[in-house]
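I opened this notebook to record what I looked up in a single structure. The entries follow the order in which I consulted it.

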Amino acid sequence: MRAVLLTRPLPSATELQAQLQHAGLTVLHFPTLALQSVVQAEHEAMVRAHWAQYTGIIIVSQHAAHFAHTHLQRLHLVLPEQVWLGAVGQGTLSTLKQLWPEHAAFITPNAADSQDSEGLWRAICTHQKHLSSAPAGKLLLIRAQTGRDL
C-alpha cells in the first residue's frame, strides 16, 4: 500500500487527508507548522475604531479567514453587506463563503489569472473601476505576522 506524508497544518489538512484516504492511500499526517491566533489589543482597538470606514477586507489564507471570523465574533463586529471580502485564491474564497454564508460581496482573482496577491490586486482594481462614484474607504488586511506583504 502506498503512503503519503501530509505536512499541511490543521484545519486545511483535514479535507485533503480525507480525499487521499478515499483514493486508497495511507496518510501519515505530520504537520510542519502549528498556526495559532494572536490577540493584540492595539490592533483590535484600531479595527474597532475604523470598522465603519472599511470598504473591503483582504484575507490572504484559509487560516486567516478562520482567525478573522473568530475575532470578529469575539469583538461583536458584524460584517456589513456592502463591505467586500477579497480572497487570494479559490480555497480562501470557499472558506469565506462557509464562514459568512449570507454575505454576497466577494472579490477573487479571475479564474484565468494567477491565484495570488497580484491576481487579487488586478481583480480589486477592476472592481474599483466599476465603483468609481463610490467614496474611497479603508482596506483591512488580515494576514500572518510574518510573510510577504501584498
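Entry 1, the model. I note at the outset that this is a predicted model.

Entry 2, the sheet. I looked up the strand order and found an open sheet of four strands, S5-S4-S3-S6, with parallel pairing. Strand S5 (106-107) and strand S6 (138-142) are the edge strands, each pairing on one side only.

I next asked which strands helix H4 touches. Helix H4 (residues 90-99) packs on the sheet and touches strand S3 (54-59), S4 and S5. The direction of H4 makes about 145° with that of S4.

I listed the buried residues of H4 as Thr92, Leu93, Thr95, Leu96 and Leu99. These residues lie on the same side of H4 because they cover an arc of only 165° around the axis. I also checked what covers the buried residues of H4, and the cover includes S3, H3, S4 and S5.

I looked up His76, which is located in the loop between helix H3 (62-74) and S4. His76 has a positive phi of about 60°, although it is not a glycine. Is His76 buried or exposed? With a relative accessible area of 70%, His76 is exposed, since the cut-off for that class is over 50%.

Technical notes
Residues are numbered from 1 along each chain as its sequence is written. This is a predicted model: local features need pLDDT of at least 70, side-chain atom pairs count only at pLDDT 80 or more; totals for chains, interfaces and linings use all residues. Side-chain values use heavy atoms; hydrogens and water are left out. Two strands pair if DSSP finds at least two bridges between them. Contact means heavy atoms within 4.5 Å. Axes are lines fitted to C-alpha atoms, for helices over the stretch in contact, and angles run from 0 to 180 degrees between N-to-C directions. Buried means under 20% relative accessible area, exposed over 50%, partly exposed in between (1.4 Å probe, protein chains only). The arc is that of the directions from the helix axis to the C-beta atoms.
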